[in-house]
Amino acid sequence: MASITLEKLAHSYLHSPQVQADFAVKEVNHTWEDGRAYALLGPSGCGKTTLLNIMSGLLKPTRGRILFGDQDVTAISTAERNIAQVFQFPVVYDTMTVGQNLAFPLRNRGMEASYISERVARISQMIGLDAHLDQKARGLSADLKQKISLGRGVVREDVNAILFDEPLTVIDPHLKWELRTQLKSLHREFGHTMIYVTHDQTEALTFAEKVVVMHDGMVVQIGTPQELFDAPAHVFVGYFIGSPGMNFIPVSLEGNVAETNGHAINLAKDYGRPSGKVVLGIRPEFIRLAKDGGLPVRINHIRDAGRQKFVSAALLDAGPNAGSDTEIDIVVDADIEIGEDMTNAVFDPAKVSVFCDDWRIEGGS
Amino acid sequence: MDKPVNQRAWILVLPVVILVAFSSVIPMMTVVNYSFQDTFGGNEFFWVGLEWYRELLRSERLWDALGRQLLFSAIILAIEIPLGILVALCMPKKGWIASLCLVLMALPLLIPYNVVGTIWQIFGRSDIGLLGRIVSDMGISYNYAQNAFDAWVTVIAMDVWHWTSLVALLSYAGLRSIPNAYYQAAQIDQASRWSVFRYIELPKMRGVLIIAVLLRFMDSFMIYTEPFVLTGGGPGNATTFLSIDLVKMALGQFDLGPAAAFSLMYFLVILLISYVFYTVMITTDKDGATQ
């Protein structure tokens with residue numbers, strides 16, 4: 001086992017990529033530390049699977065290197081890299097029994113029969129397949145088939161890393177929780193590096209210690225779930241993490257005062273005078289409705305979701321280009337009454353993020 | 001609630017009933033009718049009961065032809081199925097070369113049977129045929145018109161040339177339908193090339209292979225034109241397969257009664273063997289699914 005380092009890694013599916021847009025993965029520099037559980041989060045088509053396949057050796061990167069520890073493995077075959085990978089859709093060997101399926105990766109590596117049977121018994125028990133060991137894999141439900149795939153992924157003890165490519169897509173919701181829990185306990189028990197690709201933020205945030213967010217072929221932020229929530233490094237992270245996502249308000253910024261449509265917003269820090277397109281980001285959870293003291297809003301509708309109320313509102317425009325109201329979402333606790341006269345949105349200054357040309361900028365005091 | 005009863009619905013199936021009656025049922029019943037009677041021409045018929053059947057089952061002629069036929073079909077399947085799979089495995093997966101391969105493969109399938117027969121008949125002649133000449137010049141005695149073994153080799157070569165493409169195309173279609181993730185998983189699991197074939201490709205091709213085996217069996221079991229064009233069933237009776245024998249009996253000797261009995265038994269044999277094939281393959285399929 002070793003850490004996995006991606007060095008200036010880029011990949012294009014085209015023969016002779018010319019511009020940035022030709023690349024499915026644009027330059028990625030990242031180290032996956034040994035023994036950690038990571039989630040690789042991003043929307044469909046952002047290059048997650050490509051990155052995964054490059055790490056496992058199924059794809060050869062157009063540029064850059066992959067290191068396992070200090071060893072350059074860029075040119076080394078999948079088998080030699082000794083990596084396990086579980087795919088989005090269950091892959092089972094139809095004509096084999098469940099037990100033979102689980103034993104297959106071990107048998108191909110010439111392990112001893114006694115070790116194989118002991119290992120298969122252990123894994124099948126951990127992921128709840130022990131009752132099916134002698135059944136043919138063909139004709140089992142999608143859930144069980146994906147359990148077999150997962151089992152084949154974790155059956156080898158000596159792998160450098162286990163990569164999961166949206167493995168729970170085909171699984172029933174109530175089983176997703178169970179399987180994810182099992183994966184976490186497998187991680188605790190064996191301490192493999194696990195990289196879990198998903199576009200589901202709940203899945204990413206509950207599975208991983210660290211979440212790597214990808215957007216448009218780039219890694220935009222790496223952090224704990226809390227860091228992603230509190231201090232998104234890129235507009236995309238703010239938008240993608242959280243439900244509903246972060247609100248963005250285009251402003252002109254000077255020092256610690258932001259101005260939007262004739263209204264001033266006081267910020268906690270001094271940002272100087274950034275050049276570029278500046279937007280304020282504020283999470284719906286950190287906006288409060290009040291009678292005065294904030295930005296005037298018009299409440300469009302309120303959706304009561306039990307514990308919370310989701311308010312959809314529009315910032316009223318006082319500036320010259322009236323009519324282009326900015327829509328914002330506000331989340332309010334269910335026990336707070338929203339009165340007729342609460343037409344001001346107050347931002348918690350400490351929770352406001354500032355982005356210049358899509359990237360977060362930090363202010364000084 | 002009562003279901004509405006409307007007998008007029010029968011009218012809707014009438015066209016099919018008429019079509020099937022004239023294309024299958026009536027001709028078939030005519031054959032059945034002939035098989036129980038004897039005739040000396042002049043539209044005079046005498047009832048002979050099961051006489052023709054008894055006679056045929058006792059005659060060596062039927063059994064010899066059946067034996068040759070079974071051997072021929074067995075050889076054809078044993079060559080064409082593995083060869084077709086092999087060709088499909090070797091074909092490129094995409095690009096213009098793949099399209100070119102598909103077109104080239106489809107070509108033999110478009111050639112009429114008697115043309116195939118004629119092509120090989122000339123190809124194999126030792127005086128003017130390219131193949132026959134080369135083989136003879138190499139010092140190997142080869143003459144399909146005189147040597148039974150040579151005639152067999154030629155008929156088999158013809159059939160393999162003509163029909164292996166079909167197996168290859170079907171297998172290729174089966175192979176292309178396997179999702180890429182299977183190959184990737186096999187790579188991750190460090191499966192050998194043989195394991196990939198044995199545990200992924202072969203099971204996934206199963207459906208199309210059942211069809212390929214059935215089609216090739218039925219077609220080879222009814223082979224007529226190629227040996228007829230080549231040697232007319234000879235030398236001697238060496239390539240007299242069931243259908244050739246049947247035609248000799250019906251049109252050569254004009255023994256309508258025995259020929260009718262012959263064709264009915266021929267039909268039953270094909271039906272029986274196809275049924276057994278199908279059942280065996282489908283049952284093992286189900287076993288795999290339910291066990």
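1. **Conventions.** The model is predicted: local features need pLDDT of at least 70, side-chain atom pairs count only at pLDDT 80 or more, and totals for chains, interfaces and linings use all residues. Residues are numbered from 1 along each chain as its sequence is written, chains are lettered from A and ligands numbered from 1 in the order written, and side-chain values use heavy atoms, with hydrogens and water left out.

2. **Interface size.** Contact here means heavy atoms within 4.5 Å. About 2,000 Å² is buried between chain A and chain B, and carbon and sulfur atoms give 56% of that. Buried area is the accessible area (1.4 Å probe) that two parts lose on being put together, summed over both. A:Phe87, A:Tyr93 and A:Arg138 supply 25% of the area that chain A buries against chain B, more than any other three residues.

3. **Interface pairs.** The rule finds two salt bridges across the interface of chain A and chain B. A salt bridge needs a side-chain nitrogen of Lys or Arg within 4 Å of a carboxyl oxygen of Asp or Glu. A:Asp94 and B:Lys204 meet in a salt bridge at 3.2 Å, N to O. Nine residue pairs are in polar contact across the interface of chain A and chain B, both residues at pLDDT 80 or more. A polar contact is a pair of N or O atoms within 3.5 Å; within protein, one must be able to donate a hydrogen and the other to accept it, and residues adjacent in sequence count only if both atoms are side-chain atoms.

4. Helices (H or I, at least four residues) and strands (E, at least two) are DSSP runs, numbered from the N terminus.

5. **Helix α5 of chain A.** This helix (residues 142-154) has 13 residues and reaches 18 Å from its first C-alpha to its last, close to the 18 Å expected at 1.5 Å a residue. The expected span is 1.5 Å times one less than the number of residues. In α5(A), 11 of the 13 residues are buried. Buried means under 20% relative accessible area, exposed over 50%, partly exposed in between (1.4 Å probe, protein chains only). The cover over the buried residues of α5(A) includes β6, α3, α4 (113-126), β7 (161-165) and α6 (173-190) of chain A, together with α8 (180-188) of chain B.

6. **Backbone points to check.** Most residues other than glycine have a negative phi, and most peptide bonds are trans. The peptide bond from A:Ser243 to A:Pro244 is cis, with omega near -5 degrees. A:Pro244 is in the loop between α9 (235-240) and β11 (247-250) of chain A. A:Asn82 is not a glycine, yet has a positive phi of about 55 degrees. A:Asn82 lies in the loop between α2 and β6 of chain A and is buried at 14% relative accessible area. A:Glu166 also is not a glycine and has a positive phi of about 45 degrees.

7. **A:Glu166 and its partner.** A:Glu166 is buried, with a relative accessible area of 8%. A:Lys48 forms a salt bridge with A:Glu166, the closest N and O atoms being 3.5 Å apart. A:Lys48 lies in helix α1 and A:Glu166 in the loop between β7 and α6 of chain A, so the pair ties together parts 118 residues apart in sequence. Both A:Lys48 and A:Glu166 are buried.

8. **Other salt bridges.** The whole structure holds 23 salt bridges over all chains. A:Glu209 and A:Arg36 meet in one of them, at 2.9 Å, N to O. A:Glu209 is in the loop between α7 (201-207) and β9 (210-215) and A:Arg36 in the loop between β2 (25-32) and β3 (37-41) of chain A, so this pair ties together parts 173 residues apart in sequence. A:Glu209 is partly exposed at 35% relative accessible area, and A:Arg36 is partly exposed at 25%.
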